[in-house]
Amino acid sequence: MQTTLDLHPQPRIDVHLLTLDEPGHWREECLASLVGAPIRLHVRPGLPGRVGQSRAEGFARGTLPFVACVDPDDRYEAGAFATLADALEDSPQAVLAYTDEALIDEDGRPLGVRRLAYSAFQHAHSASHVHGLIVMRRSAVEPVLPRIADLDAGADWLLTRLVARRGGVLHLPLVGRHWRQHPNQHHRRAQHGFGATAESCDTLRR
């Protein structure tokens, strides 16, 4: 499935969603949670084992000044997109803004909330530190996309680190993402391009 949808009369953020092997009802829950967000949604098939290439192609879609991605097995708070875009507009030196996130189980039941106040040290050592809902400036993302194209599970982490070097990082203390915990999560099955699994990065975070 490949399609582009405006979920708001005045979209402000180009957002891509990569479909993989997730259950269809999870994907439908994700899409339903995005309704009303000020986004232009690009739904694209993900390439197994080539997340970096898929992400690079997804972030390159569109022309809006802000970009983001969503995962089809998670749910989102539609109102958080506008709040993040506002924060970036109010802080011209910032290139990335992100939220806290809630954890949910396979059936969508709440497991708790992760508070993720920004630390450059933690960002450098944990793939899940900048991991809520993330909105970035297109101008800071597009120049670094070639750096992630050959990676798999480490692509998102490297991208946010490269973007963070180009300006300020804003943390908004609200839940923007509901991160579904299940055995088939991509980071549980693949090795990071930095020689460490996401589980070992989570150990550093704790």
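This is a predicted model: local features need pLDDT of at least 70, side-chain atom pairs count only at pLDDT 80 or more; totals for chains, interfaces and linings use all residues.

Me: Where does Glu101 sit?

Reply: Glu101 lies in strand β6, which covers residues 94-104.

Me: Buried or exposed, that Glu101?

Reply: Glu101 is buried. Its relative accessible area is 0%, and the cut-off for buried is under 20%.

Me: What does Glu101 touch, leaving out residues up to four places away in sequence?

Reply: The list is Val113, Arg114, Leu116, His131, Gly132, Val175, Arg177 and Trp179.

Me: Which side chains make polar contacts with the side chain of Glu101?

Reply: Arg114 is one of them, with a polar contact of 2.4 Å between the two side chains. The side chain of His131 is another, at 3.1 Å.

Me: And Gly132, how many residues from Glu101 along the chain?

Reply: They are 31 residues apart. Their C-alpha atoms are separated by 4.8 Å. Gly132 is also among the residues that Glu101 touches.

Me: Switching to the whole protein. How many helices and strands?

Reply: Nine helices and nine strands.

Me: What share of the residues is buried?

Reply: Buried residues are 53% of the 206 in the protein. Glu101 is buried too.

Me: What about contacts between residues 24 or more positions apart?

Reply: Those make up 79% of the contacts with a separation of 6 or more.

Methods
Residues are numbered from 1 along each chain as its sequence is written. Side-chain values use heavy atoms; hydrogens and water are left out. Helices (H or I, at least four residues) and strands (E, at least two) are DSSP runs, numbered from the N terminus. Buried means under 20% relative accessible area, exposed over 50%, partly exposed in between (1.4 Å probe, protein chains only). Contact means heavy atoms within 4.5 Å. A polar contact is a pair of N or O atoms within 3.5 Å; within protein, one must be able to donate a hydrogen and the other to accept it, and residues adjacent in sequence count only if both atoms are side-chain atoms.
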